[in-house]
Amino acid sequence: LSVASVEDPVVMSKIRQNLREKHARHIADLRAYYDSEIQSLKQQLESSHRAAASEDLKKINQSLADRCDQLDAALNEASARIKALENKNNLLEKQVADWRERFYTISDNSKVLQERLEEMRTTHKEKDNTISRLKSRLKELEEAFEKAYKLSDNKNTRLQEENRMFQNLLGEYESLGKEHERVKDTLNTTENKLLDANTEISDLKRTILKLEAQLKQVEHENALKLRH
């Protein structure tokens, strides 16, 4: 079975149904065969009892009785083995379903983290552009401030206003710088989570493949036992 087939619930349902039907047919055939064999031997035993009481016939009767016991024991052993294989097969199917559900959950979480990471990268890029524009504006204001200061000492009011604007821009620049650092830290944390999620997905894939191999081995053993 391939990973794609295992992930298809319809395919797995058909496989399980076919196995159950095959097991049921094999068990029915075995029971019919052994019941027929036992019935035949019992008839021979009854017939031999009625025929004569010689020593040879007694030995034959005892042999037939022993054969009946052996066939009964063989039938019980085969039925128990088939039941054990079916239980093991059902257990492996449940494990595969549980691991597949966990794999889907982690895959969905990984997609969500990837989307959040892309959004944060976009926001980070936009804030970088904003900081660049503020740096350019800040440089222009510094140049204008120095030029105005050199032109005249009588323009104190204008210089004070520009100085106030400069301080405001400087405060906004520092605030954006801090926000930029926080965004970078969050971005690094999200990338680490995404890496952990991808690692766990890889582990789950290997586990699913291992369980599939075990399931195939159990089915092979079951088929060999049934043929035997």
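These legends accompany close-up views of a predicted model.

In this predicted model, local features need pLDDT of at least 70 and side-chain atom pairs count only at pLDDT 80 or more, while totals for chains, interfaces and linings use all residues. Residues are numbered from 1 along each chain as its sequence is written, and side-chain values use heavy atoms, with hydrogens and water left out.

**View 1. The protein chain has 4 helices and 0 strands.**
From the N terminus on, the elements run α-α-α-α. Helices (H or I, at least four residues) and strands (E, at least two) are DSSP runs, numbered from the N terminus. Of the 228 residues, 24% count as buried; buried means under 20% relative accessible area, exposed over 50%, and partly exposed in between (1.4 Å probe, protein chains only). Among contacts (heavy atoms within 4.5 Å) with a separation of 6 or more, 84% join residues 24 or more positions apart.

**View 2. The largest nonpolar core brings together Y34, I38, L41, L45, L64, C68, L71 and L75.**
A nonpolar core is a set of buried Ala, Val, Leu, Ile, Met, Phe, Trp, Tyr and Cys residues joined through side-chain atoms within 4.5 Å. The largest one counts 8 residues, and the elements giving two or more residues to this core are α2 (9–51) and α3 (55–151). Leaving aside neighbours within four places in sequence, I38 is in contact with C68, L71 and D72.

**View 3. Another core, apart from the largest one, includes L92, V96, L211 and L215.**
This core has 6 residues. V96 sits in helix α3 and is buried, with a relative accessible area of 3%. Not counting residues up to four places away in sequence, E93 touches R16, R20 and L215.

**View 4. The whole structure holds 2 aromatic pairs.**
Rings of Phe, Tyr and Trp (its six-membered ring) pair if their centres lie within 6.5 Å; planes under 30 degrees apart count as stacked, over 60 as edge-to-face and the rest as tilted. Y33 and Y34 form an edge-to-face pair because their ring centres are 5.3 Å apart and their planes lie at 65 degrees. Y33 is partly exposed at 47%, whereas Y34 is buried at 14% relative accessibility. F103 is buried, with a relative accessible area of 10%, and Y104 is partly exposed at 35%.
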